[in-house]
Amino acid sequence: MADFELVIIGAGPTGLFATFAAGLREIKSLTLEELDFPGGQITELYPEKMVYDMPGIPKILAKDLAKQMYEQATMFENEIRFNSKVTDIKQLDDGTFSVEVNGKQNITCQAVLICSGVGSFIPNKLGVEGEDEYADKGVFHSVKSIDRFKGQDVIIVGAGDSGFDWANELAPVAKSIKILQHNAVIKAEERSVKEALDSHKVEIKLETNIKRIIGDGQKVTAIEVEGKNGKETLKADSIILAISYKIEPNNFKSITLTTSGRYIKVNHAYETSIKGIYAAGDIANVADEPKFNLLAIGSAEAYTAINNIKKYVHPESSLFGGHSSSLNL
């Protein structure tokens, strides 16, 4: 007998809503998340940014949305395990699956739902002296708390949308902000650039590269840069590296799922090319149809997948579980 009816891979927004929907449909599920917190990309990359496109919520901080989605996901006490990276999936002779976690533990289930987004995010590095030494001591890849930068001289590396978004978020609290770009190209939206310049706290330095990060052993104090005017030293309390992330796709040794580009191909039931394995959210795409990577769309895909999984695990069940408003929860 399998340990669980369903294993959900990923506790980002899609995986969290899938966990809730599984509880709603009385599916015994286990959700596995490789990070040590819920929310996935929205918590890891932009927790202090506003989200505006969730139905019924005019605006909400990403970290607060993750918190509320986690609360919703655990309403039915279905288990979510953190620090649990799925390293393989094997199909057993009886059609069930063995899910390998962290390269050693194996969990059996009747169905799998992959909600792992685009994969694991690995921050890009500058590769300069002091970068590793002062990681989380002044060198950051995202802003987890705006108050952390209050009264500071902040250096942001990268003149894309992320760099200017952080500059605009931090302008009300930071002492000064300098955006450094290695070439002469600003890739951010014009509105974001104008907002940053209008704050009178943001200076843009193009064709400028960090050569060294300087500190006192406990924290960052300055950076050495090289630009059009040669080398100079800039005072800095914090450095935000808005230089994107490498994406490590989800590769499972023992199964081969049909893909299209970076997406796992699914049908309109969100089932993959292997019966019993489903995918939803940023990782999945239906028959090469246009893909919209929005939180609301991911939630809808998760709900559709869960209803089909209910029918797969319990063939006698109805496909649609009814409206939640008719339940007394």
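Start by selecting Lys-90, which stands opposite Ser-98 in β7. This is a predicted model, in which local features need pLDDT of at least 70 and side-chain atom pairs count only at pLDDT 80 or more, while totals for chains, interfaces and linings use all residues. Residues are numbered from 1 along each chain as its sequence is written, and side-chain values use heavy atoms, with hydrogens and water left out.

Strands are DSSP runs of E of at least two residues, helices runs of H or I of at least four, numbered from the N terminus; two strands pair if DSSP finds at least two bridges between them. Five residues separate the strands of this hairpin, and Gly-95 takes a positive phi near 90 degrees.

Next, the aromatic rings. The whole structure holds five aromatic pairs (Phe, Tyr and Trp, the last by its six-membered ring, with centres within 6.5 Å; planes under 30 degrees apart are stacked, over 60 edge-to-face, the rest tilted). Select Tyr-70 and Phe-82: their centres are 6.1 Å apart and their planes at 45 degrees, so the pair is tilted. Tyr-70 lies in helix α3 (residues 62-73) and Phe-82 in the loop between β5 (79-81) and β6, so the pair ties together parts twelve residues apart in sequence.

Move to Phe-140 and Phe-149, an edge-to-face pair with 5.6 Å between centres and 75 degrees between planes. Finish on Phe-17, Phe-20 and Phe-76, which ring pairs link into a cluster.
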